[in-house]
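Thank you all for coming; I would like to walk you through one structure this morning. Please have the sequence and the model open while I talk.

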Amino acid sequence: MNQSSEQNQKISIGISLGDINGIGPEVVIKTLTSIKAIKNVSIVIYGHGKVLSHYKKILNIEDFAFHQFKKGDHLNQQKANVINCWEDHIEVKPGEDNADGGRCALASLNKAVEDLKNGFIQGLVTAPINKHNIQSDEFKFPGHTEFLTQYFEAKDSLMFLCDENIRVGVTTGHIPLSEVSKNITKDILKSKINLMLNSIKKDFGVLKPKIAILGLNPHAGENGLLGKEEIEVILPVIKEFKEHGHLVFGPFPADGFFGNNSYKKYDGILGQYHDQGLTPFKTIAFEEGVNFTAGLSIVRASPDHGTAFDIAGKGLANESSFRAALYMTIDVIRNRREFGE
């Protein structure tokens, strides 16, 4: 392999530390301790060295070393590189929902997306934030997905929960259940299906994806008896995709679809609202599940769990989902390079 070819294969992955009082720092440390170095991959943690040192001490994790990265340094591939994102002393209080946790999470995220935009890192894995304490004049979003969609100026994005055995997206994300129906329009549904089809092709390497669309209403509307959305919106959109040669099927009643394991026959499943998609996904793939944001120009993934304040700092957090998110981010970057993006 020549030098330029080897250079093109190198990847730098950023990790935003999330709420420093949640389980984010713990799952990050455990992940990086368990995987050691990955060939041609450098890790950059956005947070603060003192936070990592604090958790390393209270969790009694000795086999974790990091490099305090300063401007002008070369990235260390054998250790995690840590960029300090705030100057003042912040007291770490595991399990406490407070303003410092939100402020540090935002500082970490802001620096990470800045470096992602300028190409210093090629992908981002976000540790969990608390959606309440991070709210400010700078951050008025329901979560990472909406923030990143706006920051990277995407027309639309798809919350895409992925595992080796199942991939589930949702037409509507973080909105009240009372607003779901009016947000399921033909244009929105077409956009989400296109995002899923394109992501499965270029991000996951499936050239002819087979997609299942779930109905909104019980029994997928029962031919209009239990709701009109299937007849008026969902079925016409599915028909249009089929006419263009896409393998898009449905709408399926959600309960039977997951109950009889039909999900195993499809490369992607589109639910109509948050809990319709995420509840079965987390039941099937909770420990290894990854929240991937499809439709962005950049690559971002996260574990499929929250801050879990109740177990923060106790050594009980399972890092499997975070580790899977890190590996998926690397794989998607490599897949996109092969796809030609």
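Predicted model: local features only at pLDDT ≥ 70, side-chain atom pairs only at ≥ 80, totals over all residues.

Residues are numbered from 1 along each chain as its sequence is written, and side-chain values use heavy atoms, with hydrogens and water left out.

The protein chain has 10 helices and 12 strands, where helices (H or I, at least four residues) and strands (E, at least two) are DSSP runs numbered from the N terminus. Its radius of gyration is 21 Å, close to the 20 Å that the globule rule gives for 341 residues, so the chain is as compact as a globular protein of that length; the radius is taken over C-alpha atoms, and the rule is 2.2 Å times the number of residues to the power 0.38. Along the principal axes, the C-alpha atoms fill a box of roughly 60 × 50 × 35 Å.

Now to the sheet. An open sheet of 12 strands runs in the order β3-β4-β2-β1-β5-β12-β11-β6-β7-β10-β8-β9, with mixed pairing, and two strands are taken to pair if DSSP finds at least two bridges between them. At the edges stand β3 (66-68) and β9 (247-252), each with a single partner strand, so one side of each is left without a neighbour in the sheet. From one strand to the next, the twist averages 25°. Within this order, β5 (residues 123-126) and β12 (residues 299-303) pair in the parallel sense over 3 bridges, and G123 has V299 of β12 as its bridge partner.

Let me move to the helices. The axes of α2 (24-35) and α10 (residues 320-339) come within 9 Å and cross at roughly 65°, where axes are lines fitted to C-alpha atoms, for helices over the stretch in contact, and angles run from 0 to 180 degrees between N-to-C directions. The contact, meaning heavy atoms within 4.5 Å, is made by V27, V28, T31, L32, S34 and I35 of α2 and by F322, R323, L326 and Y327 of α10.

How do α4 and α5 pack? Helix α4 (residues 99-117) meets helix α5 (residues 144-151) at an angle of about 40°, with the axes 12 Å apart. That makes α4 oblique to α5, since angles under 35 degrees count as roughly parallel, over 145 as roughly antiparallel, 65 to 115 as roughly perpendicular and the rest as oblique. On the α4 side the contact involves L109, N110, V113, E114 and K117, and on the α5 side H144, F147, L148 and Y151.

Finally, the backbone. Most residues other than glycine have a negative phi, and most peptide bonds are trans. The peptide bond from G250 to P251 is cis, with omega near 0°, and P251 lies in strand β9. N40, in the loop between α2 and β2 (41-47), has a positive phi, near 65°, in a residue other than glycine.
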